[in-house]
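Reader: I am new to this structure. Please show me how to read its features, one by one.

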Amino acid sequence: MAEAGRADLHLHTRLSDGWPTPAEVVERAAELGLDVIAITDHDTIEGALEARAYVGRRRTPKVIIGEEVSSRDGHIVGLFLEKGVRPGLSAQATVRAIHNQGGLAIAVHPFWDPAKPGRVGTAHGVGWLAAELEFDAIEVENSTPGFYLYNQMAHRLAFDSGRPQVGGSDAHILSAIGKAHTVFAGRTALALERALEAGKTRAARERYEAQALLEYAAWGWDFRRKRRLAQATGQ
Ligand SMILES: [Zn+2]
Ligand SMILES: [Zn+2]
């Protein structure tokens, strides 16, 4: 690859459960020299729209409008979206809804907490559906601490099913941005889209500094506290 661009295709902001604002994510990505970022908040494209507006005419990073859709069968990231996708549909209907508006569908962290027979509650990864449905790529590097084994399984699935592979940090804090990313030929969102369609992307990962791991632990603590509060008040 002559011109190797780097893209982080899985980022959260304050518009869902992330800590940073969209503007802070853009600034951090620019500092890191990421060429392309996709803001993929849970069930909303507002964070992505804000980031796109903030970037304005700046050269980098390019911002892809994305969303991490809570399908009935697990999380699915839609990229290059025009509008939000309704949560709660089957994985198949979600992938179709993304394709119908010209977007690309990514099976993110497919092996993290997939649905199990007889279990009620929401699944996080779509599991083996990642190979059965018309996904455009599989996220094989997700830099959430502790995801090593899930990533290994996702690598294997992408390899065996011949699906394009991507990396996304799934960052909920600033210091996680870029820790997993996608390498592609070119520098623009269009070049990335072409690389995905040609199956010519590569996933990469970087180590965390100790400070970043501590920060992530604090985020996890805060996340669980908010979830307990929401459950207690019946929201
Ligand atoms: Zn997720
Ligand atoms: Zn996520």
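Author: We begin with metal donors. Donors are N, O and S atoms within 2.8 Å of the metal (3.2 Å for Na, K and Ca); water is not among the atoms, so sites may look incomplete. Here, Glu68 bridges the zinc ion (ligand 2) and the zinc ion (ligand 1), which lie 3.6 Å apart.

Reader: What should I know about the model and its numbering?

Author: This is a predicted model: local features need pLDDT of at least 70, side-chain atom pairs count only at pLDDT 80 or more, and totals for chains, interfaces and linings use all residues. Residues are numbered from 1 along each chain as its sequence is written, chains are lettered from A and ligands numbered from 1 in the order in which they are written, and side-chain values use heavy atoms, with hydrogens and water left out.

Reader: Which residues coordinate the zinc ion (ligand 2)?

Author: His10 (NE2), His12 (NE2), Glu68 (OE) and Asp170 (OD) do, at 2.1 to 2.2 Å. Along the chain, these donors follow the spacing H-x1-H-x55-E-x101-D.

Reader: How do I judge the arrangement of the four donor atoms?

Author: Use the angles. Four donors count as tetrahedral if all angles lie between 85 and 135 degrees; four count as square planar and six as octahedral if opposite donors are over 155 degrees apart and all others between 65 and 115; anything else is irregular. Around the zinc ion (ligand 2), the angles run from 82 to 169 degrees, so the arrangement is irregular. His10 lies in strand S1 (residues 4-11) and Glu68 in strand S4 (residues 67-71), so the pair ties together parts that are 58 residues apart in sequence. Helices (H or I, at least four residues) and strands (E, at least two) are DSSP runs, numbered from the N terminus.

Reader: Which residues hold the zinc ion (ligand 1)?

Author: Glu68 (OE), His75 (ND1) and His109 (NE2) coordinate that ion, at 2.0 to 2.2 Å. Their spacing is E-x6-H-x33-H.

Reader: Is His10 buried or exposed?

Author: Buried means under 20% relative accessible area, exposed over 50%, partly exposed in between (1.4 Å probe, protein chains only). His10 has a relative accessible area of 0%, so His10 is buried. Glu68 is buried too, at 1%.

Reader: How do I read a pair of aromatic rings?

Author: Take the distance of the centres and the angle of the planes. Rings of Phe, Tyr and Trp (its six-membered ring) pair if their centres lie within 6.5 Å; planes under 30 degrees apart count as stacked, over 60 as edge-to-face and the rest as tilted. The whole structure has six aromatic pairs. In one of them, Trp112 and Phe147 have centres 5.2 Å apart and planes at 45 degrees, so that pair is tilted. Trp112 and Phe147 are 35 residues apart. Phe147 is buried at 7%, while Trp112 is partly exposed at 25%. Trp219 and Phe223 form a stacked pair: 5.1 Å centre to centre, 20 degrees between the planes.

Reader: Where do Trp219 and Phe223 lie?

Author: Both lie in helix H7, four residues apart, about one turn of the helix. An α-helix has 3.6 residues a turn, so residues three or four places apart point the same way. Trp219 is buried at 11%; Phe223 is partly exposed at 29%. Tyr208, Tyr216, Trp219 and Phe223 form one aromatic cluster.

Reader: What span should helix H7 have?

Author: The expected span of a helix is 1.5 Å times one less than its number of residues. Helix H7 (residues 210-232) has 23 residues and should span 33 Å; its end C-alpha atoms are 33 Å apart, which agrees.
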